[in-house]
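The entries follow in the order in which I looked things up.

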Amino acid sequence: MKDYIVRATAANEMIRAFAVSSTGIVEEARQRHTTLPVITAALGRLLSAGAMMGAMMKGDDDIVTLGIRGDGPAQGLTVTADSHGNVKGYPFQPFVDIPRKYAGKLDVGGAIGNGTLTVSMDLGLKEPYSGQVELQTGEIGDDLAYYFTVSEQTPSAVGLGVMVDRDQHVKEAGGFIIQMMPDASEEVISAVEKSISRIDSVTSMLERGMSPEDILEEILGGLDLQITEKRDIRFHCNCSKEKVAFALATIDPKDIQEMIDDGETIEVKCHFCNKTYNFTIEDLKEIQKNNKKGE
């Protein structure tokens, strides 16, 4: 089944909601970065959230970037998504392995530690909008809910889950974001809070075969839920050798010359998708020549 997002409203548009099925995306990220389970779970949660936040944007060229920096062994994660269902991300440390919590639950918060969550939105303005909050638990869902409430003044509930199988493959991944609009009544807010307090974890719901639509029905079914959009999503990186060459052209000319003097082809990897690009001595000389033309 393809990964996809559904967008919905409820309670006469006093609520907006998103839910995502992202198993394929998270498994692709795991394979690209060869992550161990706790990092698979952490990156998968942030990818799921990023995909939903990408769906919140309206402009064709809008991009949202989520960055987590922590003092735990994972160190950090970065995810970028656009408004067309494309999402990509990478972990700072893919090979972290720490003890599990109760009942074998992966300790994402322990891997992340204390730190910050930064959300940057490039909406085509002169400067991207950026907001930052302290991590509350490092479990990512709680931290994003805090970000929405504090930085965007939008009370929100965020549920994210990744289930990793015994062979380290991703068995299930997905999540939801429920947001209260400014005109939401106390009765509606209370009803949503009660509903969320009663639901199972995201991974439990996914394991039972529930779709994104089912998850939103479980939470908002009694509040006139209206599904307004369904959109496919995918792990997609737009890197290219030309873009990597452009990045190489920005480094110190002395460093370029040292690479040329070494006389060996260099390898450059894209952080987001782990694809390797090879640059021969002739490639480096061409970059050097173009730099001199631009001076």
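Entry 1, the domains. I looked up the distance between the centres of domain 1 and domain 2, taken over C-alpha atoms, and noted 36 Å. The protein chain is divided into domain 1 (4-235) and domain 2 (241-292), with bounds that come from an automatic or database domain assignment. I note that this is a predicted model, in which local features need pLDDT of at least 70 and side-chain atom pairs count only at pLDDT 80 or more, while totals for chains, interfaces and linings use all residues. Residues are numbered from 1 along each chain as its sequence is written, and side-chain values use heavy atoms, with hydrogens and water left out.

The size of an interface is often given as the accessible area lost when the parts come together. For domain 1 and domain 2 I wrote down a buried area of about 560 Å², 62% of it on carbon and sulfur atoms; this is the accessible area (1.4 Å probe) that the two parts lose on being put together, summed over both. In domain 1, the residues that lose the most area to domain 2 are Arg32, His33 and Tyr90, together 68% of what that side buries.

I looked for salt bridges (a side-chain nitrogen of Lys or Arg within 4 Å of a carboxyl oxygen of Asp or Glu), and the rule finds zero of them between domain 1 and domain 2.

Most residues other than glycine have a negative phi. I therefore marked Ile140, which is not a glycine and yet has a positive phi of about 80 degrees, as a residue that counts as buried at 1% relative accessibility (buried means under 20% relative accessible area, exposed over 50%, partly exposed in between, with a 1.4 Å probe and protein chains only). Ile140 lies in the loop between strand 7 (129-134) and helix 4 (141-151), where helices (H or I, at least four residues) and strands (E, at least two) are DSSP runs, numbered from the N terminus. Gln168, also not a glycine, has a positive phi of about 80 degrees. I located Gln168 in the loop between strand 8 (156-164) and strand 9 (170-180), and at 30% relative accessibility Gln168 counts as partly exposed.
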